[in-house]
Amino acid sequence: MAAAAEGPPPPSPAAIPETTVPEITPPRHPLFARIRLATIFDVPHLHKLIHQMATFERLTHLFTATEVSLAATLFPNPPPRPFTSFTVFILEVSPSPFPPTPQTDPNFSPILKTFHLDLPIEDTEKEVFRSGIGGDVVVAGFVLFFPNYPSFLAKPGFYIEDLFVREPYRKKGFGRMLFTAVGAQAAKMGYGRVEWVVLDWNVNAIQFYEQMGAEILPDWRVCRLTGEALESFAHLNI
C-alpha cells in the first residue's frame, strides 16, 4: 500500500512585532529667576544675606552692619544713580514666570532666565526670604559692586565687594547668572575691568571664577586699614 501523503505543513506562527520601550525622560522642574536693581525695601533681606555670607566665610566677628546702617549708606537720600556708587543686584526665584518688570533705570533692564532642574529645591527659609512683591517669589542671592578706576587702563571699572547665593541655590547656575550680570553691565558701559577678591581656602569659588575666564593673581595681597588703626589717623598731623 502506498504511504499516505503528508498533509500541508503547519502554518508558521505569526511574527511577533518588535516593540520598543519608549525612553522615559525624567521630569524637569522649571524655576524662574530674575535679577533686578535693589531698593531700600530690600534692606531686611540684604542684612540677612550679608550675615549668612559672614557665617560662610567664618568672619562673623567682623559683622557689625545693621539694617539702619545699610539703609543709610546703600540708599541715602537723595540716592545716587545706579552704577555711579554702591549698586546691588538682587536675585529672585519663583516657580511661576515673572510678570513684566518695569525698567527703573535707563542703563539697566531686569534680567530674566528659566532654569530646568532635575529636582525641586527644598528651601527651608523660604518664608524668611519671601520677596516683598508677594506671591511665591523668594530672594536667593545678591551681588554688591561699585565703580573704581584702573589708572593703567584709563577707564572706569567695577569692584565686586560681595557675591552670595543662599545654600539651597548653589551649584545650579545662579552664581554664574549674578556674576555675568555685572560683567555684562561693565562691558555695556565700556568699562575696562571687573575685580574682586576670593578667600584662598574657597577652592570651589576659585575654580568657578577660573571657569568664567578670570585670572587669579597670586602675587597680590589685600591691604586693609580699619577699626582702631583707621581711627588713629584722625589724630595724626599731616
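A contact here means heavy atoms within 4.5 Å. In this predicted model, residues 24 or more positions apart account for 73% of the protein chain's contacts with a separation of 6 or more. The chain has 5 helices and 6 strands. Buried residues make up 30% of its 238 residues.

**Overall layout**

- Read from the N terminus, the elements run β-α-α-β-β-β-β-α-β-α-α.
- The accessible surface of the protein chain is about 16300 Å². Carbon and sulfur atoms hold 60% of that surface.

**Strand β1 and its partners**

- Strand β1 spans residues 29–37. It is mostly covered, with 7 of its 9 residues buried.
- Strand β3, residues 111–117, pairs with β1 in the antiparallel sense over 7 bridges. Within this pairing, Leu31 has Phe115 of β3 as its bridge partner.
- Strand β2, residues 87–94, also pairs with β1 in the antiparallel sense, here over 6 bridges. Ile35 stands opposite Leu91 in β2.

**Nonpolar core**

- The largest nonpolar core has 47 residues. Phe89, Phe142 and Phe174 touch the most other members.
- What does Phe89 touch, leaving aside residues up to four places away in sequence? Its contacts include Ile35, Arg36 and Leu37. Phe83 and Phe108 are also among them.

- Side chains of opposite charge can pair when their charged atoms come close. The count for this model is 8 salt bridges.
- Arg34 and Glu92 meet through their side chains in a salt bridge of 2.7 Å, N to O. Arg34 lies in strand β1 and Glu92 in strand β2, so the pair ties together parts 58 residues apart in sequence. Both Arg34 and Glu92 are buried.
- Glu92 also forms a salt bridge with Arg36, with the closest N and O atoms 2.9 Å apart. Arg36 lies in strand β1 and Glu92 in strand β2, so this pair ties together parts 56 residues apart in sequence. Arg36 is buried, as is Glu92.
- A network of salt bridges links Arg34, Arg36, Asp42 and Glu92.

- Arg28 and Asp118 form a salt bridge through their side chains, at 2.1 Å from N to O. Arg28 lies in the segment before β1, and Asp118 in the loop between β3 and β4 (138–148), so the pair ties together parts that are 90 residues apart in sequence.
- Are the two partners buried or exposed? Arg28 is partly exposed, with a relative accessible area of 44%. Asp118 is exposed, at 53%.

**Nonpolar surface patch**

- Which residues form a nonpolar patch on the surface? They are Leu225, Leu230, Phe233 and Leu236. Together they have about 390 Å² of accessible area.
- Leu230 sits in helix α5, residues 227–231. Its relative accessible area is 43%. Patch members need over 30%, so Leu230 clears that cut-off while being partly exposed.

Definitions and conventions
Residues are numbered from 1 along each chain as its sequence is written. This is a predicted model: local features need pLDDT of at least 70, side-chain atom pairs count only at pLDDT 80 or more; totals for chains, interfaces and linings use all residues. Side-chain values use heavy atoms; hydrogens and water are left out. Buried means under 20% relative accessible area, exposed over 50%, partly exposed in between (1.4 Å probe, protein chains only). Helices (H or I, at least four residues) and strands (E, at least two) are DSSP runs, numbered from the N terminus. Two strands pair if DSSP finds at least two bridges between them. A nonpolar core is a set of buried Ala, Val, Leu, Ile, Met, Phe, Trp, Tyr and Cys residues joined through side-chain atoms within 4.5 Å. Patches are made of residues with over 30% relative accessible area and no salt bridge: like charges are joined within 9 Å, nonpolar side chains (Val, Leu, Ile, Met, Phe, Trp, Tyr) within 5 Å. Accessible areas come from the Shrake-Rupley method with a 1.4 Å probe; for residues, only the protein chains shown count as cover. A salt bridge is a side-chain nitrogen of Lys or Arg within 4 Å of a carboxyl oxygen of Asp or Glu.
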